[in-house]
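Have the model open beside you for this one.

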Amino acid sequence: MDAPREKIADPTLAEMGKNLKEAMKMLEDSQRRSEEENGKKLVSGDIPGPLQGSGQDMVSILQLVQNLMHGDEDEEPQSTRVQNIGEQGHIALLGHSLGAYISTLDKEKLRKLTTRILSDTTLWLCRIFRYENGCAYFHEEEREGLAKICRLAIHSRYEDFVVDGFNVLYNKKPVIYLSAAARPGLGQYLCNQLGLPFPCLCRVPCNTMFGSQHQMDVAFLEKLIKDDIERGRLPLLLVANAGTAAVGHTDKIGRLKELCEQYGIWLHVEGVNLATLALGYVSSSVLAATKCHSMTLTPGPWLGLPAVPAVTLYKHDDPALTLVAGLTSNKPADKLRALPLWLSLQYLGLDGIVERIKHACQLSQRLQESLKKVDHIKILVEDELSSPVVVFRFFQELPGSDPDPDAVPAPSGAPSAVGRERHSCDALNRWLGEQLKQMVPASGLTVMDLEVEGTCVRFSPLMTAA
């Protein structure tokens, strides 16, 4: 490690690294200064005027950027954002400048380099997250990978789709199954992207009588699939969760996989718990995701890297179809999307990546163990050994009232003691969450309202690794 480093022979490359470092330093320094001056802001720079004829130097332009970034911040919490980026963040940001520079190379060099970057990054991610022989699609918008996967599934199941388009879909409507605990707006996004009507979506309820209230009801799903087949529809794709958006619960992915194989349905998995695939011990429910057709990972939040893309890993052996679906591309610019990750993964190294994910899981474990010792705190975690998300709420029992904190409140017409109790508990939990957020801003705590449980506080360190 201590051997003398070779100088970078390409002067533009060396200059770019230096410039980015200086620009970041300049922004951070001037931000610090403006904080010390207690908001004596440079207003003049914020007023738009005509473009100056003579041009401006780098420092003046960066000063303007600085003013626009922090000029009208009266409250302080946001202002720590830029300073937290650190060296690994600089590496990720350098990837964007570097991508623009690489794209100026001649065609053959560019083709070789972009192919190498894409294949390296794909191989590393497949090995880290135990997804043997997968392909990777890199995308800025987190849900975009799933939309492309849906397109691939349509092309795979409807042979005449390329020629006949929506006519083949009209005669045999495709059905996309989503959990009732899926993140809000996902179904609507997919329909908009694919040009499908909303009846092509089917929401699968979660278990309510037994098991988790945030886990897909497998038996009910099978009934829905059979009904759809009887009505002449084509069950196309199922989105399962390894860590739901709200409380981090994992579906019974092994059983869902068997069901999907039986009916020829494409199985896609997403969720924060997929990060734990990088660890030595993985719960069997999450491990089952490695046998699915595709899954979406978000290494940016998990590893605390700014501006790196999300990744959808998938298995498919027809390159013509993946090209038509938009999952593969011959354009170098598309392959260069992997560059910020390619740089960051090498910078962190395998040990650094595993260490970060492990650290987040240990933070959750520690919080959980501490909360268990506190009376009147209820933890909503279904897989205590491995879930990196902790959701909890404070509750209290009124003398003579139902001791079950989950008791359903009475209809709004007649506010019972339990209903009032639930209402005051919700208000208390909202207050508790807000207080904790103010006391430890870096913890990334969020307050959320759940239908059955009421207002809860969520701690998900994997989504706030930075």
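Two strands pair if DSSP finds at least two bridges between them. Helices (H or I, at least four residues) and strands (E, at least two) are DSSP runs, numbered from the N terminus.

## Ground rules and overview

This is a predicted model, so to speak of local features pLDDT of at least 70 is needed, side-chain atom pairs count only at pLDDT 80 or more, and totals for chains, interfaces and linings use all residues. Residues are numbered from 1 along each chain as its sequence is written, and side-chain values use heavy atoms, with hydrogens and water left out.

The protein chain comes to 16 helices and eleven strands. Of its 466 residues, 45% count as buried; buried means under 20% relative accessible area, exposed over 50%, and partly exposed in between (1.4 Å probe, protein chains only). Take the contacts (heavy atoms within 4.5 Å) between residues at least 6 apart in sequence: 70% of them join residues at least 24 apart.

Seven strands make an open sheet with mixed pairing, in the order 1-7-6-5-4-2-3. Strand 1 (135–139) and strand 3 (201–204) sit at the edges with a single partner strand each, so one side of each has no neighbour in the sheet. From one strand to the next, the twist averages 20°.

Inside this sheet, strand 5 and strand 6 (residues 294–297) run parallel, paired over three bridges, and Val269 has Met295 in strand 6 as its bridge partner. Helix 4 packs on the sheet, touching strand 1 and strand 7 (310–314), and its direction makes about 105° with that of strand 1. Helix 9 packs on the sheet too, touching strand 2 (174–179), strand 3 and strand 4, at about 165° to the direction of strand 2. Axes here are lines fitted to C-alpha atoms, for helices over the stretch in contact, and angles run from 0 to 180 degrees between N-to-C directions.

Which residues of helix 10 (residues 253–263) are buried? They are Ile253, Leu256, Lys257, Leu259, Cys260 and Tyr263. Viewed down the helix axis, these fall within an arc of 165°, so they line one face of helix 10; the arc is that of the directions from the helix axis to the C-beta atoms.

The cover over the buried residues includes helix 5 (144–157), helix 9 (218–230), strand 4 (234–241), strand 5 (266–270) and helix 11 (284–287). On the face turned away from the buried side you'll find the exposed Glu258, Glu261 and Gln262. Just after helix 10, Gly264 takes a positive phi of about 65°.

Another open sheet has four strands in the order 8-9-11-10, with antiparallel pairing. Its edges are strand 8 (377–379) and strand 10 (446–450), each with a single partner strand, so one side of each is left without a neighbour in the sheet. The twist averages 35° from one strand to the next.

Strand 9 (residues 390–394) and strand 11 (residues 454–459) pair over three antiparallel bridges, with Val390 opposite Phe459 in strand 11. Helix 15 packs on this sheet, touching strand 8, strand 9 and strand 11, its direction about 25° from that of strand 9.

## Helix 4 against helix 15

Helix 4 (residues 107–128) and helix 15 (residues 339–372) pack at about 35°, their axes 10 Å apart. Helix 4 brings Ile117, Asp120, Thr121, Trp124, Leu125 and Ile128 to the contact, while helix 15 brings Leu339, Leu341, Trp342, Leu345, Gln346, Leu350 and Ile353.
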